[in-house]
Amino acid sequence: MGSYPLPEPATAAGRDGLAALLRQPERSVVALDFDGTLAEIVPDPEQARAHPGAVPALARLAPRLASAAVITGRPAGVAVRYGGFAGVPGLDRLVVLGHYGAERWDAVTGTVTAPEPHPGVAAVQAELPGELDRTGAWQGTWVETLHIENKGGRAIAVHTRRAPDPQAALDALRGPLEALAHRHGLIVEPGRFVLELRPPGVDKGVALASYVRETGAEAVLYAGDDLGDLAAFAAVEKLRSEGLPGLLVCSGSSEVTELAERADLVVDGPGGVVGLLTALADRLA
């Protein structure tokens, strides 16, 4: 395997975070989003799979760390299947926090633990077809282009990526879906041509901060690509303000400039993330 150069973060805080990780990897956590970070974004979310180099890179790096974690809005079990994470030598301590931390899979037990689903999700699922019909989302060309994803009974995602005008479709749906979510005690989380209806009080920032505390880590790297990752970025920024070094990585996308502007390091999509993980593994080998 060829050696990858280790990129240099653009900020002083990012350079401090990288230096801390390299100095004490056994006291560091590397946490990663799945879609758009370890896996390419595809029109049909059910066809997403981890980049071919992601698992080998993680398997080389993870044994050097306090922990490696995948934090995703997907059900934990789905992320494990689509990522190919189960039963991989070197990933025996990997943790997957699904549904923004509401679910947890760990490689030690190979099982998923989770609380009961929020009742509002089932209510929204029942009312959503009628709501989309009233907004005109089922009419004309939208019939074939909207994709409704039930995330294991814990969230509902409405994707517009396949619409003729994905942004216009997203804008037209946002108000009605926010009203529907509010009626059932849920919130709407926007992403790249997706609106996700899910329970409040759970996000990637809460999940990441809790996991860093649980592991006792003294440095953290987080990589993401979408609006849902802003909460994790904010959690790392708060940890840094409290003296814990951290590195923020954006899996580069021209669609979500907010994340790139706050990142210490921008890499070129999942391939760039794999290159970064490989470079870290090379440096720590």
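**Exercise 1. Describe how helices H2 and H9 pack.**

Step 1. Helix H2 (residues 54-61) packs on helix H9 (residues 269-284) at about 30°, with the axes 9 Å apart. Helices are DSSP runs of H or I, at least four residues, numbered from the N terminus. Axes are lines fitted to C-alpha atoms over the stretch in contact, and angles run from 0 to 180 degrees between N-to-C directions.

Step 2. H2 and H9 are therefore roughly parallel (angles under 35 degrees).

Step 3. Contact means heavy atoms within 4.5 Å. On the H2 side are Ala 54, Ala 57, Leu 58, Arg 60 and Leu 61; their H9 partners include Val 274, Leu 277 and Asp 282.

Step 4. The contact residues divide into 9 nonpolar, 1 polar and 2 charged. Asp, Glu, Lys and Arg count as charged; Ala, Val, Leu, Ile, Met, Phe, Trp, Tyr, Cys and Pro as nonpolar; the others, Gly among them, as polar.

The model is predicted: local features need pLDDT of at least 70, side-chain atom pairs 80 or more, while totals for chains, interfaces and linings use all residues. Numbering starts from 1 along each chain as its sequence is written, and side-chain values use heavy atoms, without hydrogens and water.

**Exercise 2. Which element gives the most to the lining of the largest pocket?**

Step 1. Helix H5 (166-183), strand E8 (187-191) and helix H8 (257-262) each supply at least two lining residues.

Step 2. H5 gives the most, with 4 residues.

Step 3. By class, the lining holds 5 nonpolar, 3 polar and 6 charged residues.

Note on methods. Parallel < 35°, antiparallel > 145°, perpendicular 65-115°, else oblique.
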